[in-house]
Amino acid sequence: MIFMASKKPVPAPIAPTERPRDDEGGSLVLERLTQKTEPPQMYQVVMLNDDYTPMEFVVVVIQEFFNKDRDTATQIMLKIHLDGKAVCGVYSRDVAATKVDQVQEAARQAGHPLQCVSEPVE
Ligand code: TYC
């Protein structure tokens with residue numbers, strides 16, 4: 001026996017965007033919520049100038065902890081020296097905090113007053 005389709009195909013439902021609501025007939029209409037996820041807040045690690053830390057030490061620190069090549073690290077160091085500060089990298093909050101700790105520990109061990117801070121990116 002051959003069965004023939006007796007109805008036209010129904011188009012697929014469009015994804016709902018509103019909250020579930022009471023349809024006033026005593027039953028609850030459940031609808032899927034469209035989820036919106038914000039991107040995570042990012043943090044920039046800003047290195048600060050001082051009058052005592054040797055330029056070469058700063059270049060090596062930027063190369064080592066911020067994964068920059070020597071030319072880029074030198075440019076960043078000179079920007080700090082001339083402008084008072086510069087961004088060395090942008091990371092998640094935990095990674096940025098770790099970078100600050102690593103730089104400050106390296107500076108402390110070497111006896112230099114080099115400082116850097118982490119701040120949220122606008
Ligand atoms: N101003 C320092 C000097 O003249 C060099 C320096 C650069 C120090 C960058 C800190 O984050 C810094 N020796």
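Visitor: Buried means under 20% relative accessible area, exposed over 50% and partly exposed in between, with a 1.4 Å probe and protein chains only. So what share of the protein chain counts as buried?

Guide: Of its 122 residues, 24%. This is a predicted model, in which local features need pLDDT of at least 70, side-chain atom pairs count only at pLDDT 80 or more, and totals for chains, interfaces and linings use all residues. Residues are numbered from 1 along each chain as its sequence is written, and side-chain values use heavy atoms, with hydrogens and water left out.

Visitor: What secondary structure does the protein chain have?

Guide: Three helices and five strands. Helices (H or I, at least four residues) and strands (E, at least two) are DSSP runs, numbered from the N terminus. The order from that end is β-β-β-α-α-β-α-β.

Visitor: Where does Asp50 lie?

Guide: Asp50 is in the loop between strand 3 (43-48) and helix 1 (55-66).

Visitor: What is the nearest side chain of opposite charge to Asp50?

Guide: That is Lys85, 15 Å away. Asp50 is buried but has no salt bridge, meaning a side-chain nitrogen of Lys or Arg within 4 Å of a carboxyl oxygen of Asp or Glu. For charge, Lys and Arg count as positive and Asp and Glu as negative, while His and the chain ends are not counted.

Visitor: Which backbone nitrogens lie by the side chain of Asp50, then?

Guide: The backbone nitrogen of Tyr52 is 2.7 Å from a polar atom of that side chain, and the one of Thr53 is 2.6 Å from a polar atom of it.

Visitor: New topic. Which residues surround the ligand?

Guide: Among them are Met47, Asn49, Asp50, Val58, His81 and Leu114. Near a molecule means that a heavy atom of the residue lies within 4 Å of it.

Visitor: Which backbone atoms lie by nitrogen or oxygen atoms of the ligand?

Guide: A backbone N or O atom of Leu48 is 2.8 Å from an oxygen atom of the ligand. A polar backbone atom of Asp50 is 2.8 Å from a nitrogen atom of the ligand, and for Thr53 the distance to a nitrogen atom of the ligand is 2.9 Å.

Visitor: How many aromatic pairs does the structure hold?

Guide: One. The ring centres of Phe66 and Tyr91 are 6.4 Å apart and the planes are at 40 degrees, so the pair is tilted. Rings of Phe, Tyr and Trp (its six-membered ring) pair if their centres lie within 6.5 Å; planes under 30 degrees apart count as stacked, over 60 as edge-to-face and the rest as tilted.

Visitor: Buried or exposed, Phe66?

Guide: Phe66 is buried, with a relative accessible area of 2%. Tyr91 counts as buried too, at 16% relative accessibility.

Technical notes:
A polar contact is a pair of N or O atoms within 3.5 Å; within protein, one must be able to donate a hydrogen and the other to accept it, and residues adjacent in sequence count only if both atoms are side-chain atoms.
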